[in-house]
Amino acid sequence: AVACASAVRAPRLHVGWRQDESAALAGVSGRFVYALENGKPSAQLDKILAVLSALGLHLELHRGGATEIHPGPELVGR
C-alpha cells in the first residue's frame with residue numbers, strides 16, 4: 001500500500017495536478033485518490049488502474065508477489 005501511495009503521489013505532484021484533478025481524469029472520487037495516496041490497505045483494482053493510467057503509469061505483477069509500477073512510454077524521459 002505504501003509503495004502504491006508514493007508511486008501515485010510523486011507523478012501527480014510532478015505534473016502539478018491536485019488530487020481532485022487526478023480523480024476527475026481517472027473517473028474516480030477525490031476521496032479515493034486521497035485514500036490511495038495515504039496507504040489505503042485495500043481498493044478496487046479497476047480504480048487503481050484508472051488512476052495509474054491517468055498519470056501515465058502502468059502496473060506490472062510478477063510471480064511470487066512482487067509488484068512494480070512504472071512510467072508509461074509517454075512519461076519516460078520527462
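**Note on helix α2 and its surroundings**

1. In helix α2, which spans residues 19-26, the buried residues are S22, A23 and A26, where buried stands for under 20% relative accessible area, exposed for over 50% and partly exposed for what lies in between, with a 1.4 Å probe and protein chains only. Viewed down the axis of α2, these buried residues fall within an arc of 100°, so they line one face of the helix; the arc is taken from the directions that run from the helix axis to the C-beta atoms. The face turned away from the buried side carries A24 and L25, which are exposed.

2. This is a predicted model, in which local features need pLDDT of at least 70 and side-chain atom pairs count only at pLDDT 80 or more, while totals for chains, interfaces and linings use all residues. Residues are numbered from 1 along each chain as its sequence is written, and side-chain values use heavy atoms, with hydrogens and water left out. Helices (H or I, at least four residues) and strands (E, at least two) are DSSP runs numbered from the N terminus.

3. Helix α2 packs against helix α4 (residues 45-54) at an angle of about 110°, with the two axes 8 Å apart; axes are lines fitted to C-alpha atoms, for helices over the stretch in contact, and angles run from 0 to 180 degrees between N-to-C directions. The two helices are therefore roughly perpendicular to each other, a term for angles of 65 to 115 degrees, whereas under 35 counts as roughly parallel, over 145 as roughly antiparallel and the rest as oblique. S22, L25 and A26 of α2 meet A50, V51 and A54 of α4 in this contact, contact being heavy atoms within 4.5 Å.

4. S22, found in helix α2, is buried with a relative accessible area of 1%. Not counting residues up to four places away in sequence, S22 touches R12, W17, A54 and L55. R12 in turn belongs to helix α1 and is buried, with a relative accessible area of 8%. Leaving aside neighbours within four places in sequence, the contacts of R12 include W17, S22, E37 and L55.

5. The largest nonpolar core has 13 residues, of which V8, V28, F32, L36, I48 and V51 touch the most other members; such a core is a set of buried Ala, Val, Leu, Ile, Met, Phe, Trp, Tyr and Cys residues joined through side-chain atoms within 4.5 Å. Two or more residues of this core come from each of α1 (2-15), α2, α3 (30-37) and α4.
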